[in-house]
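Subject: Structure for you to look at

Hello,

Here is the structure I said I would pass on. Please open it before reading the notes below.

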Amino acid sequence: MDEIIAATRHVNQLLKESEEYKRFVFARNALSANADMYARLKALKARYTDVQTYWEGNPYDEIYHMCEENDELLHNSVVNEYLRAESALSRLIRRMVDEIIAGFHIDF
């Protein structure tokens, strides 16, 4: 068990040294420098998650309206870079998880 924990800590450090993580941190810092923009994006992401999780029926129309209402925010270069960096980091982490669980026949 100790070997697994040590290996996990090593992988955590490798992740922090990855270009995806560095890009994410840079983008997050740039976004958080504008408190209003950061708060607006945080609220939009929370609303998006709620719609995806709790909306009855097809959430397409609600998400479409959310994007329309927040078009200026979503097309801001700082926000756009943050969302792209976040997505790239999420993909990397998902690939890591997929590799870890490969062969275990675990469905998530």
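This is a predicted model: local features need pLDDT of at least 70, side-chain atom pairs count only at pLDDT 80 or more; totals for chains, interfaces and linings use all residues.

Residues are numbered from 1 along each chain as its sequence is written, and side-chain values use heavy atoms, with hydrogens and water left out.

The whole chain

The chain has 6 helices and 0 strands. Both are DSSP runs numbered from the N terminus: helices are H or I with at least four residues, strands are E with at least two. Read from the N terminus, the order is α-α-α-α-α-α. The radius of gyration is 17 Å, well over the 13 Å that the globule rule gives for 108 residues, so the chain is more spread out than a compact globule. That radius is taken over C-alpha atoms, and the rule is 2.2 Å times the number of residues to the power 0.38. Along the principal axes, the C-alpha atoms fill a box of roughly 50 × 35 × 15 Å. Of the 108 residues, 22% count as buried (under 20% relative accessible area; exposed is over 50%, partly exposed in between; 1.4 Å probe, protein chains only).

Helices α3 and α4

Two packed helices are described by the angle between their axes and the distance between the axes. For α3 (residues 35-54) and α4 (residues 60-69), the axes come within 10 Å and cross at roughly 170°. The axes are lines fitted to C-alpha atoms over the stretch in contact, and angles run from 0 to 180 degrees between N-to-C directions. The two helices are therefore roughly antiparallel to each other (over 145 degrees; under 35 is roughly parallel, 65 to 115 roughly perpendicular, the rest oblique).

On the α3 side, the contact (heavy atoms within 4.5 Å) is made by L44, R47, Y48, V51 and Q52, and on the α4 side by E62, I63, M66 and E69.

Two single residues

F26 lies in helix α2 (residues 19-32). Its relative accessible area is 63%, which makes F26 exposed. F26 and R47 are 21 residues apart in sequence and 25 Å apart in space, C-alpha to C-alpha.

H65 belongs to helix α4 and counts as partly exposed, at 38% relative accessibility. Between the C-alpha atoms of H65 and N12 there are 38 Å, with the two residues 53 apart along the chain.

Regards
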